[in-house]
Amino acid sequence: MKYFCVILALWMLSCSSPKTSQYASVHDEQFVKTLTYLASDQLQGREAGTLGNDKAADYLEDFLILNQVEPYFSSYRDTLSNFESTTSNIVGWIPGRDAKLKKEYFIIGAHYDHIGIVKEIGQIDTIANGANDNASGTAVVTELIRYFAKAKSNKRTLIFVFFTAEEKGLLGAYHFAEKLKSEQAPVVAMLNFEMLGVPMNSEFIAYLTGAKLSNMQDKMNQFANKKLIGSRPHVSLDNLFKQSDNYPFYQKFQIPAHTLSSFDFENYNYYHHVKDEVDQLDLNHLSGFINEIIPVVEQLVNSDSREIKLN
């Protein structure tokens, strides 16, 4: 029944969503397919170190291969050195097209793991599927990959990373940031995507964590020609900048490194809950976000040297 509801929502999306760009009419079906698979019971909540997490990694690796995105390392799988079991980030890259700017790396990421099997809620369900957290952000990144792999418009080099073990303490992000730092990789910015499946009661489509630390939010709104991204002043959100995969890159590289999200503790009741399922998400909102953010990210990636900077 849940699968039927998702297909019905997809049909309604294709009929009723405003097609604001060439992108939308081509890719709505694929992002829902990715979202639905990652949040399915088959993956058992994608906890790092489990078979379900490994199946998610297989899917994302195959996605990079299908879109002819090369692995950043010798393999797409970057096995964590700081985790007690075996789990891997999935990393690909698209070299930049500008002779000068290609020497600068812009990281785009999302975590694909979740918390796995939890206590029964009313003896009905034990799988924390993590549709919003963070199959939604992962699906957004797959669409960014699809766009840039086809458009080949990026002046800077793009590194796409699907992080694992975020729910274990940002271990995938710390592992990758430390690895890049040891290589003296020329990372200039990082943008992370997390929990984007439901809209806020706000004029904004999403907010940027740690927005006051750099001018990235201002530049994104400038590139969008409207107030697309806002800040959320709630006390409960103050520490979110330090609680997602952007933070290790800010720590290690002292660069603009932020997370885009639309979850604000007021608009979704199923954080780390077995009811965090695809049928609880707003697919029109997520599709709209993808369409709005692609051209903005493209301009961020291609902006003049030093234009995106810390305050």
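1. Ground rules. This is a predicted model, in which local features need pLDDT of at least 70 and side-chain atom pairs count only at pLDDT 80 or more, while totals for chains, interfaces and linings use all residues. Residues are numbered from 1 along each chain as its sequence is written, and side-chain values use heavy atoms, with hydrogens and water left out.

2. The chain overall. You will find 8 helices and 11 strands in the chain; helices (H or I, at least four residues) and strands (E, at least two) are DSSP runs numbered from the N terminus. Of its 311 residues, 58% count as buried, where buried means under 20% relative accessible area, exposed over 50% and partly exposed in between, with a 1.4 Å probe and protein chains only. The accessible surface is about 13,600 Å², and carbon and sulfur atoms hold 50% of that; areas come from the Shrake-Rupley method with a 1.4 Å probe, and for residues only the protein chains shown count as cover.

3. Contacts along the chain. Among contacts with a separation of 6 or more, 78% join residues 24 or more positions apart. Contact here means heavy atoms within 4.5 Å.

4. Helix α4. Residues 131–151 form this helix, and at 1.5 Å a residue its 21 residues should span 30 Å; the end C-alpha atoms are 28 Å apart, which agrees. The expected span is 1.5 Å times one less than the number of residues. Because 18 of the 21 residues are buried, α4 is largely enclosed by the rest of the structure. K152 follows α4 and has a positive phi, near 50°.

5. Helix α3. The 16 residues of α3 reach 22 Å from first C-alpha to last, close to the 22 Å expected. Its buried residues include G52, Y59, L60, F63 and L64. Just after α3, Q68 has a positive phi of about 60°.

6. How α3 and α4 pack. Their axes are 10 Å apart, at an angle of about 15°; axes are lines fitted to C-alpha atoms, for helices over the stretch in contact, and angles run from 0 to 180 degrees between N-to-C directions. The two are therefore roughly parallel to each other, a term for angles under 35 degrees. L60, F63 and L64 of α3 make the contact with T138, T142, I145 and R146 of α4.

7. I294. This residue lies in helix α8 (residues 283–301) and is buried, with a relative accessible area of 4%. The C-alpha atoms of I294 and E143 are 8.5 Å apart, although 151 residues separate the two along the chain.

Conventions:
Angles under 35 degrees count as roughly parallel, over 145 as roughly antiparallel, 65 to 115 as roughly perpendicular and the rest as oblique.
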